[in-house]
Amino acid sequence: MPDNRSAPRPLRVAIIGSGPSGLYAADALTKHDEVEVSIDVFDRLPAPFGLARYGVAPDHLSLRSVRNTLETVLDDPAVRLLANVEVGTDIGVEELHRFYDAIVFTYGAATDQRLEIPGEDLDGAISATELVNWYCGHPDAAGERVEAAITAATSAVVIGVGNVAVDVTRVLSKTAPELDHTDMPQHVLDLLAASSITSVTVLGRRGPAQAAFTTKELKELGELAGADVLVDAHDLALDPVSEADIEGERRRERNLEVLEEWSTRTPARGRRTIRLRFFSQPVEIIGPDRVTGVRVERTRLDADGSLRGTGEYTTIDADLVVRSVGYQGMPLAGVPFDEARGVVPHDEGRVVDDGTVVPGEYVAGWIKRGPTGIIGTNKKDATATVHSLIADAPQLPRAAQPDPDAVTTHLSARGVRYVDVDGWHAIDAAEIALGESKGRPRTTLHDREALLESARRGVRD
């Protein structure tokens, strides 16, 4: 039997997930001159970039441009894209160890947290994840469910006060011309242009001092062409806990300044309204079959910062409810998982199973630390994990089949239609051409088969 350990060859690394965390990890690996690497980046979707493609709001063009930076990683000769391959289904984690010396899990937190209140599953009640997937053109988006909810709605309630909640509120409140420059799928633009939604109420369980949105995101709501933002001044009165939370926190101070100015506004006739309500805890989504309203309890903060209901209830009429209370990591077959925290347990990026480090397995991004931080946070996080991997490299168990062709042959034998970087470039070109045909810079292809056909046709041509 050949001694794979002694054979001089590049370190074979599989990265599971082609979002920012995965590609930052690949980039960091290629920059370590002391170890030559050969990297395969897997993604279950036909197109790369994860939340940079399917999570960043389409009208935030500067943030979405991070994809240009990430694409340079895919063009590195040491990096190979294997998209449209679902680890755990098309190929198992145990199988991957035959082909790779190390595996880095960066598959993120793809599902959403629930409110666990009555009525959450009524027609017209959707998650922010579902809505964002739909308007970003995610192949697995629940299109019929989301479109039915929006089409039937005249008033919406968004539950949550983070940046994603602000994103969905802004998209639901924009005029058609304000969205024309985006790369949203055309059917999404058409449906939003025809929307009858005239009011959006945003609910936060705590006060403005505890809200998670950034000032830049918040201010954009006040700059919309056809919507007015309203805030009740009573919600902005600071209790001692909120005063302590704001003191010295410039972001929170700026947020309060913006909200205070909005509290003096009067809505103009004929415009959409966006109403921000704090200290408002949803306790029930009302409706016999579909949403007709949200029952809300007024809350307050105790001296220790804990939240308490006051027993004062109101009902907000609404026929669309969007919950935006956070993302949730999910387990992957064959990988240790902390159910309580929704993450893969680790020690400095090394995967840990019941207190013991799993040789050759690493984790980065949201599935490592939970759904926190911005896109840039993932770069530092991925670099830290790569530092551990490089330190371990001399002792890693060596793969039995390290030849790069071995894994692609294995996938092809199973009928897996993987998309490489040439296939992605073909998809990219098809989206640009489709956009230009409609007078837009790009139109996202949302159908999986259309993505795969574009990849195949481009490679053949």
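Buried means under 20% relative accessible area, exposed over 50%, and partly exposed in between, with a 1.4 Å probe and protein chains only. Arginine 250 has a relative accessible area of 42%, so this residue is partly exposed. The model is predicted: local features need pLDDT of at least 70, side-chain atom pairs count only at pLDDT 80 or more, and totals for chains, interfaces and linings use all residues. Residues are numbered from 1 along each chain as its sequence is written, and side-chain values use heavy atoms, with hydrogens and water left out.

Arginine 250 lies in helix α13, where helices (H or I, at least four residues) and strands (E, at least two) are DSSP runs numbered from the N terminus. Asparagine 255 is buried because its relative accessible area is 0%. Not counting residues up to four places away in sequence, asparagine 255 touches Phe213, Thr214, Thr215 and Leu218; contact means heavy atoms within 4.5 Å.

## Nonpolar cores

A nonpolar core is a set of buried Ala, Val, Leu, Ile, Met, Phe, Trp, Tyr and Cys residues joined through side-chain atoms within 4.5 Å. The largest one has 94 residues, and Leu131, Tyr135, Leu276 and Leu320 have the most contacts inside it. A second, separate core of 25 residues includes Ala14, Val335, Phe337 and Val358.

Leucine 276 has contacts beyond its neighbours within four places in sequence, among them Val202, Leu218, Asp232, Asp235 and Trp262.

## Alanine 152

Alanine 152 sits in the loop between α7 (143-151) and β7 (155-159). Its relative accessible area is 42%, so alanine 152 is partly exposed. Apart from neighbours within four places in sequence, alanine 152 is in contact with Arg290 and Asp319.

## Packing of α1 and α15

Helix α1 (residues 20-30) and helix α15 (residues 377-392) have axes that come within 8 Å and cross at roughly 45°. Axes are lines fitted to C-alpha atoms, for helices over the stretch in contact, and angles run from 0 to 180 degrees between N-to-C directions. α1 is therefore oblique to α15; angles under 35 degrees count as roughly parallel, over 145 as roughly antiparallel, 65 to 115 as roughly perpendicular and the rest as oblique.

The contact involves Pro20, Ser21, Tyr24, Ala25, Ala28 and Leu29 of α1, and Asn378, Lys379, Ala382, Thr383, Val386, Leu389 and Ile390 of α15.
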